[in-house]
Amino acid sequence: MNNLFVLLFCLGFTLYGHAQITFEKGYYINNLDQREEGSIKNKDWKSNPSQFEFKDSENTAPKTVTLKYAKEFGFEDGSKYIRATVNVDRSSTTLNTLSSKRASYFIEEELFLKVLVEGDAALYRYEDGNLTRYFYSTNDKSVKPLVYKEYIDEGRDLKKNEAYKQELYNTLKCASKIIILEAEPSRYSTEKSFNI
């Protein structure tokens, strides 16, 4: 009897999980800058996608749109992703496998980045499993990484390269105000404003 209960519970939980993945009203912009309206299968991605399923209308079969063919895609609720070629540091963030080097090791990749903040300056997030990286752009600068890296120094002490703070200060300062992310970018949570 207990085995039957466990089996039914697991089956119900699996069906509930699949029921949560639905097509939602959305759009994508193709390489010709044409906006395609329809619906996108929202998988509530933990890791940033490299493709998505798109339907022109309710009655059409879904087609897979890859990173190669979409510059941007988003949902009616306002969440969206943009395609960008960026430098990504894939150094480990696990304590027992941290690098001994302070400097980031960048690899150029083309990715969909989730848009967190838009305006004269924009903030983006990329997640891939346990890896989380943040990027920014301004009206006059392309998408750049915000450098934050934990590493182990020669004395076996945990250190942090927080170059993103100086980068934001240099890029976003203006006559009356500067915005600095107080939390580590990997734990993006609070934002504070300071007058100069």
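The structure is a predicted model, in which local features need pLDDT of at least 70 and side-chain atom pairs count only at pLDDT 80 or more, while totals for chains, interfaces and linings use all residues. Residues are numbered from 1 along each chain as its sequence is written, and side-chain values use heavy atoms, with hydrogens and water left out.

## Overall composition

The chain contains 2 helices and 14 strands. Helices (H or I, at least four residues) and strands (E, at least two) are DSSP runs, numbered from the N terminus. Of the 196 residues in the chain, 36% are buried; here buried means under 20% relative accessible area, exposed means over 50%, and partly exposed lies in between, with a 1.4 Å probe and protein chains only. Among contacts (heavy atoms within 4.5 Å) between residues at least 6 apart in sequence, 43% join residues at least 24 apart.

## The sheet

An open sheet is formed by 10 strands in the order S4-S3-S2-S1-S5-S6-S7-S8-S9-S10, with antiparallel pairing. Its edge strands are S4 (63–66) and S10 (141–145), each of which pairs on one side only. From one strand to the next, the twist averages 40 degrees. Helix H2 (residues 163–172) packs on this sheet and touches S8 (121–128), S9 (131–138) and S10. The direction of H2 makes about 15 degrees with that of S9; axes are lines fitted to C-alpha atoms, for helices over the stretch in contact, and angles run from 0 to 180 degrees between N-to-C directions.

Two strands pair if DSSP finds at least two bridges between them.

| Strand | Partner strand | Bridges |
|---|---|---|
| S2 (residues 35–42) | S3 (residues 51–55) | 2 bridges |
| S5 (residues 70–75) | S6 | 3 bridges |
| S6 | S7 (residues 106–117) | 9 bridges |
| S11 (residues 149–152) | S12 (residues 158–161) | 4 bridges |

Ser39 stands opposite Lys55 in S3. Gly74 has Lys80 in S6 as its bridge partner, and Asn87 has Glu108 in S7. Lys149 is bridged to Asn161 in S12.

Two hairpins contain a residue with a positive phi. The hairpin of S5 and S6 has 4 residues between the strands, and Gly78 takes a positive phi near 105 degrees. In the hairpin of S11 and S12, with 5 residues between the strands, the positive phi belongs to Arg156 and is near 65 degrees.

Strand S6 (residues 80–89) is largely enclosed by the rest of the structure, because 7 of its 10 residues are buried. Lys80 lies in this strand and is buried, with a relative accessible area of 14%. Leaving aside neighbours within four places in sequence, Lys80 is in contact with Tyr27, Glu72, Phe73, Gly74, Leu113, Lys114, Val115 and Glu118.

Glu72 has its place in strand S5. At 15% relative accessibility, Glu72 also counts as buried. Its contacts, with neighbours within four places in sequence left aside, are Tyr27, Tyr28, Ile29, Lys80, Tyr81 and Ile82. The C-alpha atoms of Glu72 and Asn30 are separated by 7.5 Å, although these residues are 42 residues apart along the chain.

Thr64 lies in strand S4. Apart from neighbours within four places in sequence, Thr64 is in contact with Gln51, Phe52 and Glu53. Thr64 and Phe54, 10 residues apart along the chain, have C-alpha atoms separated by 6.3 Å.

## The cavity

Rolling a probe the size of a water molecule over the atoms shows where empty space is left. The structure holds 1 cavity of 30 Å³ or more. A cavity is a set of points, on a 1 Å grid over the protein atoms alone, where a 1.4 Å probe fits but cannot get out; lining residues have an atom within 4 Å of a point. The largest cavity has a volume of about 80 Å³, the volume being the space filled by probe spheres set on the points, with grid points joined across faces, edges and corners.

Residues lining the largest cavity include Asn87, Asp89, Phe106, Arg133, Phe135 and Tyr148. The elements that give two or more residues to this lining are S6 and S9. By class, the lining has 8 nonpolar, 2 polar and 2 charged residues; Ala, Val, Leu, Ile, Met, Phe, Trp, Tyr, Cys and Pro count as nonpolar, Asp, Glu, Lys and Arg as charged, and the others, Gly among them, as polar.

Notes: 1 Å grid on protein atoms, 1.4 Å probe; cavity = no way out; pocket = protein on both sides within 12 Å on 5 of 7 lines; lining within 4 Å.
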